[in-house]
Amino acid sequence: MARKNLDAIVANDVRDTSIGFGSDRNSGTLLLRDGTTVRLPEQDKGAFAAAIVEALIGMWGGGG
């Protein structure tokens, strides 16, 4: 992450054919620059994306 100057990255298990590409569901782990990890449980891709956005908003100090 430091080499690429990333604030965050999502990692998922590409060997699991029940999630990710070719599936309506996904799960993974959001890794933040400060070392925080956020486990994202299996869910539909819309909810998965929303969970990522919510975590990033929290990281950047935003919110309602």
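Predicted model: local features only at pLDDT ≥ 70, side-chain atom pairs only at ≥ 80, totals over all residues.
The protein chain contains one helix and three strands, arranged along the sequence in the pattern β-β-β-α. Its C-alpha atoms occupy a box of roughly 35 × 30 × 15 Å along the principal axes. Of the contacts in the protein chain with a separation of 6 or more, 25% link residues 24 or more positions apart.

Strand E2 and strand E3, the latter spanning residues 37-44, pair in the antiparallel sense through six bridges. Within this pairing, Gly28 is placed opposite Leu40 of E3. The two strands E2 and E3 form a hairpin, with four residues between them. In the turn, Gly35 adopts a positive phi of about 95 degrees.

The largest nonpolar core comprises seven residues, namely Leu30, Leu32, Leu40, Phe48, Ile52, Ala55 and Leu56. At least two residues of this core are supplied by each of strand E2 (25-32) and helix H1 (45-59). The largest share, four residues, is contributed by H1. Beyond its neighbours within four places in sequence, Leu56 contacts Ala8, Leu30 and Leu32. In soluble globular proteins, nonpolar side chains tend to be buried together.

Across the 64 residues of the protein chain, 22% are buried. The accessible surface of the chain amounts to about 4500 Å², and carbon and sulfur atoms account for 55% of this area. The protein chain carries 7 positive and 8 negative side chains; the centres of these two sets are 9 Å apart.

Note on methods: Residues numbered from 1 in each chain as written. Heavy atoms only, no water. Core = buried A, V, L, I, M, F, W, Y, C linked by side-chain atoms within 4.5 Å. Buried < 20%, exposed > 50% of the residue type's maximum accessible area, 1.4 Å probe, protein only. Contact = heavy atoms within 4.5 Å. Pairing = 2+ DSSP bridges. Areas by Shrake-Rupley, 256 points an atom, 1.4 Å probe, with all protein chains shown as cover. Lys, Arg positive; Asp, Glu negative; His and termini not counted. Charge placed at Lys NZ, Arg CZ, Asp CG, Glu CD.
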